[in-house]
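Thanks for coming. I have one structure to go through this morning, so please have a look at it before I start.

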Amino acid sequence: MQDDFSDDQLPLRQVRAYSYVRMSTRKQLRGDSLRRQLERSKAFADEHSLLLDDSLQDLGVSAWKGRNFKTGALGRFLTMIENGQIPKGSYLLIESLDRLSREAVPDALTLFMAIINAGIIIVTLGEDRQIYSRSGLNGDWTKLIIGLAVMSRGHEESQTKSERIRAVAKRKREQAREGKGHLTSITPAWIDAERIEASRYAFTLNHHAETVRAIYEMAARGLGATAIARKLNADGVPAFKSKDGWYQSIIKALLSRSDVIGTFQPHSMQDGKRVPDGDPIPDYFPAAIDKDLFLRVQAMRSNPGQPGRKGNTFANLFTGLCHCTHCGGPMTMKMSRVKGNENGRYLVCANYVRGHRCKNGRRHFRYEPFEAAVLDHVKELNLAESLAARRCGVDNEETDDRVAALKLDLDAIMRKEQRLLAALEDGDSSITTIVDLLKQRQQQRHEIERQLQHVAKEKASHQAWHAGPALETDHVGRLREAWERTANVDSRYLLRAEAHAAIRELISDIGFDTETTGVTVVIANGIVVFQFIDGKLAFRALPIAFTA
């Protein structure tokens with residue numbers, strides 16, 4: 001290697017030099033770039049008696065957008081300089097300044113000067129072969145001008161490459177929306193991809209699709225993510241990828257994914273983050289489940305009971321429905337001995353227990369007699385539901401589907417607004433155009449929110465009037481018989497969880513009154529009202545509007 005460096009810049013013996021190697025593509029890794037950069041650094045260090053540290057390597061990390069100093073080895077090097085772990089007078093050996101940064105010149109120059117001002121000497125070992133130090137730049141700006149030219153060239157190359165990649169990706173997305181191609185061979189676990197030609201694949205469902213359907217059917221019956229995971233693990237159903245079985249988090253994520261109905265959401269990288277890019281593409285994949293099942297599960301998940309697993313046996317079938325009539329607060333279950341009774345489960349006002357907002361909800365209501373009384377009269381509850389459905393002709397499932405569909409539309413509009421705001425910040429397009437589009441999206445969002453409010457009011461008036469398969473005559477009664485016959489804890493939990501989902505479809509509210517000792521069960525938002533006292537049905541009432 002020819003020594004083109006001036007003698008007055010030769011370092012003292014045993015000064016440490018840090019070789020910084022960066023390559024952003026796999027092609028460079030397979031080629032000669034890594035060996036070339038390391039050999040040049042070693043040759044320079046040997047010639048000038050430097051102790052070489054070649055651990056600074058950002059392999060497969062781009063300097064575009066500054067990723068290498070934000071999250072890579074260069075960032076750790078800068079932190080070590082700030083912490084005093086790297087002394088002044090140390091050397092940073094790089095092939096070219098564009099290995100250091102490919103950001104816009106002002107940003108690249110800021111990084112460059114931060115290193116120089118910290119007392120570090122930058123040496124480029126490529127074609128320009130320059131030494132940059134604070135003392136060397138004083139009075140001689142020629143080297144800095146050369147450095148600025150290299151920075152500018154590197155940024156322009158990356159900018160051009162980025163624009164070409166974005167244009168190709170945009171065209172691919174357009175073709176995918178037109179059904180003329182596919183964006184990637186990467187598919188969900190329940191779909192296999194076979195390449196037909198460039199950018200075209202044949203997608204087919206595999207054996208995991210049955211598992212997806214089973215998971216959604218269990219969710220539609222009211223089972224939570226934890227219960228579903230336990231069921232799948234107990235039955236030995238293989239997980240998609242993990243060899244360690246099913247986890248609650250996997251089930252939760254699956255229950256919110258629209259690709260189960262064939263919808264594909266393109267993504268792109270922005271500031272190192274993967275974000276949605278454009279509208280979702282419907283019917284991109286074969287659907288693992290039908291849309292009705294998907295929307296029904298989304299509607300149930302948008303109106304959950306109290307979160308979390310309900311004990312080992314799903315202790316409270318009415319969780320999320322019970323409140324104190326005195327303060328409106330929730331009822332909590334506790335184990336207690338009251339007035340000489342043996343230990344048992346009781347429902348008591350949570351606010352009264354913690355001494356907040358409620359002074360009258362002192363009574364402890366025995367849970368077991370209340371549950372038995374409601375289940376004993378479940379046929380009557382179902383008859384009341386049938387009366388309400390006949391009188392009012394409201395399809396609750398259809399309402400839930402409308403809510404779920406509107407929420408999907410709202411989510412899509414909000415993503416569009418976020419992309420427009422990001423474009424406004426980046427200045428990628430005309431500000432006037434972006435603002436006009438943003439106003440249109442906001443108007444669309446307001447209209448969807450208005451429709452959601454209208455449907456929500458409609459649902460509140462007719463909640464659970466039509467219940468579908470989960471509320472067929474005496475369905476809850478049959479579930480009760482099943483869990484009373486089984487000694488298996490997991491089976492009992494699953495049966496009671498399904499009954500809980502059915503009960504939530506039917507019962508709107510349960511009020512506990514300490515003064516009257518009565519428990520009022522409201523069916524279908526007031527279509528029929530039952531009252532239980534001491535575990536026995538006291539009366540049943542229909543509103544005046546329905547007694548004619």
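This is a predicted model: local features need pLDDT of at least 70, side-chain atom pairs count only at pLDDT 80 or more; totals for chains, interfaces and linings use all residues.

Strand β14, residues 507-512, and strand β15 run antiparallel and are joined by five bridges.

On to β15 itself, residues 518-523. How many of its six residues are buried? Five of them are, so the strand is mostly covered; the cut-off for buried is under 20% relative accessible area. β15 also pairs with strand β16, residues 528-533, again in the antiparallel sense, over six bridges. Within that pairing, Gly518 has Ile533 of β16 as its bridge partner.

Now the whole sheet. It is an open sheet of five strands, in the order β10-β14-β15-β16-β17, and the pairing is mixed. The edge strands are β10, at 322-324, and β17, at 536-541, each of which pairs on one side only. From one strand to the next, the twist averages 25 degrees.

Helix α19, residues 489-506, lies across β14 and β15, and runs at about 90 degrees to β14.

**Helices α9 and α10**

As a reminder, two packed helices are described by the angle between their axes and the distance between the axes. For helix α9, residues 208-220, and helix α10, residues 225-234, the angle is about 135 degrees and the axes are 10 Å apart. That angle makes α9 oblique to α10. The crossing of α9 past α10 is right-handed.

Which residues meet there? From α9 we have Ile215, Met218 and Ala219, and from α10 we have Ile228, Lys231 and Leu232. By type, the residues of this contact come out as five nonpolar, no polar and one charged.

Staying with α10, its buried residues are Ala225, Ala227, Ile228, Ala229 and Leu232. What covers them? The cover includes α9, α11 at 248-254, and α19. After α10 comes Gly236, with a positive phi near 70 degrees.

**Helices α14 and α18**

The next pair is helix α14, residues 367-376, and helix α18, residues 475-485. Their axes come within 10 Å and cross at roughly 130 degrees. α14 is therefore oblique to α18. On the α14 side, the contact is made by Glu371, Ala372, Leu375 and Asp376, and on the α18 side by Val476, Arg480 and Trp483. The residues of this contact divide into four nonpolar, no polar and three charged.

Last, Glu157, which is found in helix α8, residues 142-177. Is Glu157 buried or partly exposed? With a relative accessible area of 41%, Glu157 is partly exposed. In sequence, Glu157 and Arg102 are 55 residues apart, while in space their C-alpha atoms are 8.5 Å apart.

That is the end of my list, and I can go back to any part of it.

Definitions and conventions
Residues are numbered from 1 along each chain as its sequence is written. Side-chain values use heavy atoms; hydrogens and water are left out. Buried means under 20% relative accessible area, exposed over 50%, partly exposed in between (1.4 Å probe, protein chains only). Helices (H or I, at least four residues) and strands (E, at least two) are DSSP runs, numbered from the N terminus. Two strands pair if DSSP finds at least two bridges between them. Axes are lines fitted to C-alpha atoms, for helices over the stretch in contact, and angles run from 0 to 180 degrees between N-to-C directions. Angles under 35 degrees count as roughly parallel, over 145 as roughly antiparallel, 65 to 115 as roughly perpendicular and the rest as oblique. A crossing is left-handed if the near helix is turned anticlockwise from the far one by less than a right angle, and right-handed if clockwise. Contact means heavy atoms within 4.5 Å. Ala, Val, Leu, Ile, Met, Phe, Trp, Tyr, Cys and Pro count as nonpolar, Asp, Glu, Lys and Arg as charged, and the others, Gly among them, as polar.
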